[in-house]
Amino acid sequence: MSLSLDQILFLVIMFASIVLFITEYLRVDVVAMLIILALALTGLLDVKEAFAGFSSEPAIIVAAVFVLSAGLSQTGVTDVIGSWVTKLSGKSEIRAIIVIMLAVAVMSAFTHHLMVTAMMLPIVMKICKDEPRLHASRLLIPMATAASLGTTLTLIGAPAFLLANNILKRAGEPALGLFTVGQIGGPLVLAGIVFCALMKWMLPKTSGDDESIKNFKLTDITTELIIPSTSLWIGKTLKELQDATAKNFTLQGWLRKDTFQGIKDFEAVLEEGDIFIIKTSADELISFDGKQGLVLKALHKFSENKDGQTSLAGEERRLLKAVISPRSEFANRSISQINFYKLFGVVAVGVWRKSGWISSGIADVILQPGDMLVLWGPEEKLNGLTLHRGFLMFLPFYGTSKNRSKNKISAVIMLASIAAAATGILPAYLAFVAGAVGMILTKCVDVEQAYASIELKIYVMIAGVIPLGMAMERTGVDKLLAQQVLNIASGWEPITMLLIFFWISALLTQILSDAATTVLLAPIAVAFAKGASISPTAAVICVTVGAVASFLTPIGHHGNLLILSPGGYRFSDFLKIGLPLTIILSAITCFLALRTWI
């Protein structure tokens with residue numbers, strides 16, 4: 001077998017890329033740029049072709065889907081879904097597995113599966129914390145499995161399917177529709193749910209915990225809300241307020257004219273000036289903007305003599321977390337006695353305490369060493385405050401403002417984008433770009449958040465591996481390798497060959513990304529299928545599903561790494577579930593692919 005100079009150059013570039021991807025000596029996006037430069041400088045592709053990946057449909061769709069996902073997250077749609085999952089999960093382990101996996105799979109079909117896993121992780125941990133009969137280790141692997149399986153339901157679920165579609169179109173095969181891959185993905189999701197529900201006994205019974213989540217993360221900030229004169233809650237009952245805001249905060253106390261009221265007096269009528277002591281999260285704290293009929297008391301008081309601002313979010317002021325030091329001059333003094341605004345020009349809007357109960361008003365909280373204050377004010381004032389010895393440390397405040405008043409708008413935009421792509425009214429890339437722009441124009445997500453939501457590393461990686469596939473086809477390496485496979489497998493059954501492609505892909509994706517695996521193997525699968533009189537689409541689908549739905553190790557998918565510590569898992573736990581599940585999925589995929597694409 002003699003190789004041309006172009007084929008030798010390509011193989012050198014390909015193997016060097018694989019080594020860099022595996023060793024992670026360089027970031028994947030840097031490797032992608034090196035691939036582009038190498039292909040252009042060696043003349044394997046002209047410059048325009050080498051950089052074509054940046055304007056390709058897969059890269060455009062991935063960027064647009066990230067913005068759409070951000071719109072759903074920023075408007076609280078994902079939180080609503082999480083609350084539904086919590087309610088439906090119940091106290092039965094099997095029921096919880098089914099509900100969580102089904103919800104996660106559906107969400108992963110239209111948003112990035114890693115984002116879904118990250119969003120659902122604290123929700124599942126809370127479900128297990130509230131219900132002693134449920135164990136995190138029994139729910140987190142099924143959840144992460146569903147996140148990956150859900151990507152097989154639609155063309156946009158995983159970048160690998162977009163790349164596979166691109167390769168099929170270049171080979172002259174019909175393009176995949178938005179839900180075409182769902183013909184395989186639907187049965188795979190159902191099989192995964194049934195398997196995890198029946199085989200849950202294979203997983204350990206541990207609650208698990210994630211110290212990285214707990215350490216100094218403000219999950220229970222105590223703050224105060226006040227009912228302003230324009231509030232919609234004036235004249236409503238306490239029960240109505242609690243029912244409407246249960247998912248946003250926990251009511252700890254209620255004051256009227258400095259007198260505590262009973263929070264169990266559900267029929268009590270609310271009045272202007274009523275103050276509520278609450279516990280809430282960082283995201284909720286920064287989301288209070290007065291549109292819910294409630295404003296932060298500290299901010300309301302501050303704004304009466306200032307600019308009337310009703311939200312902590314803004315360009316001119318910042319939030320900072322400050323920890324009281326053991327010998328601080330602030331210890332054993334109340335916030336009102338210290339008067340942070342007069343002393344430093346900043347406002348204390350909340351306090352976090354590792355243990356104990358805060359039921360008094362914020363101004364009356366006696367500070368203790370280790371307490372963490374949430375301070376809000378101009379950046380220069382906060383910078384000056386960091387020099388004060390009364391604080392042990394300062395930490396940035398991480399919280400994302402939610403504009404829940406636009407949750408219906410964002411949901412409609414997402415559904416309209418999906419409908420336009422599915423029905424063919426618009427090409428998929430145009431439908432999702434239009435949806436992303438719609439999210440921005442309706443202010444479901446602002447421009448800066450939209451840019452920040454795009455995972456540039458993934459976008460650049462896709463732009464880099466697309467020309468690698470093009471060069472493989474241009475140099476004829478795909479046909480060369482496919483011919484070698486044909487020579488070895490001459491006379492073998494088609495399903496046997498598809499299984500081999502599936503498992504090569506499944507093993508390779510343990511060390512490469514699913515996108516890189518697909519780009520390397522799909523052109524070979526196309527060339528092989530044409531020589532073996534098998535549908536190229538069937539072969540490419542088997543390769544791609546093998547890349548995105550292989551659960552052999554925790555390193556195969558980033559979602560598995562997210563749950564490794566919270567679930568208290570060992571490496572073998574993933575193998576016990578992953579190996580038999582992957583065997584089942586490979587058989588279903590190859591069998592259905594041959595029946596679906598003849």
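Biologist: How many helices and strands does the protein have?
Modeller: This is a predicted model, so keep that in mind as we go. Its chain runs to 598 residues. The secondary structure comes to 27 helices and 9 strands.

Biologist: What radius of gyration does the protein have, and what would a compact globule have?
Modeller: The C-alpha trace spans about 90 × 50 × 50 Å along the principal axes. For 598 residues, a compact globule would come out near 25 Å. The protein agrees with that, at 27 Å.

Biologist: What share of the contacts with a separation of 6 or more is between residues 24 or more positions apart?
Modeller: On the burial side, 55% of the 598 residues are buried. As for those contacts, the share from residues 24 or more positions apart is 79%.

Biologist: Are α5 and α6 roughly parallel or roughly antiparallel?
Modeller: Two packed helices are described by the angle between their axes and the distance between the axes. Here α5 (residues 77–89) and α6 (residues 93–108) have axes 8 Å apart, at an angle of about 160°. Angles over 145 degrees count as roughly antiparallel, and that makes the pair roughly antiparallel.

Biologist: Which residues of α6 meet α5, and how do the residues of the contact divide?
Modeller: The crossing is right-handed, by the way. From α5 come I81, V85, K87, L88 and S89, and they meet R95, A96, V99, I100, A103 and M107 in α6. The residues of this contact divide into 8 nonpolar, 1 polar and 2 charged.

Biologist: Is T151 buried or exposed?
Modeller: T151 sits in the loop between α8 (136–150) and α9 (159–170). Leaving aside neighbours within four places in sequence, T151 contacts S108, H113, G157, A158, F161 and V548. Its relative accessible area is 2%, and the cut-off for buried is under 20%. So T151 is buried.

Methods:
Residues numbered from 1 in each chain as written. Predicted model: local features only at pLDDT ≥ 70, side-chain atom pairs only at ≥ 80, totals over all residues. Heavy atoms only, no water. Axes fitted to C-alpha atoms, helices over the stretch in contact; angles between N-to-C directions. Helix = DSSP H or I, 4+ residues; strand = E, 2+ residues; numbered from the N terminus. Parallel < 35°, antiparallel > 145°, perpendicular 65-115°, else oblique. Left-handed = near helix turned anticlockwise from the far one by under 90°. Contact = heavy atoms within 4.5 Å. Nonpolar A, V, L, I, M, F, W, Y, C, P; charged D, E, K, R; others polar. Rg over C-alpha atoms; globule rule 2.2 N^0.38 Å. Buried < 20%, exposed > 50% of the residue type's maximum accessible area, 1.4 Å probe, protein only.
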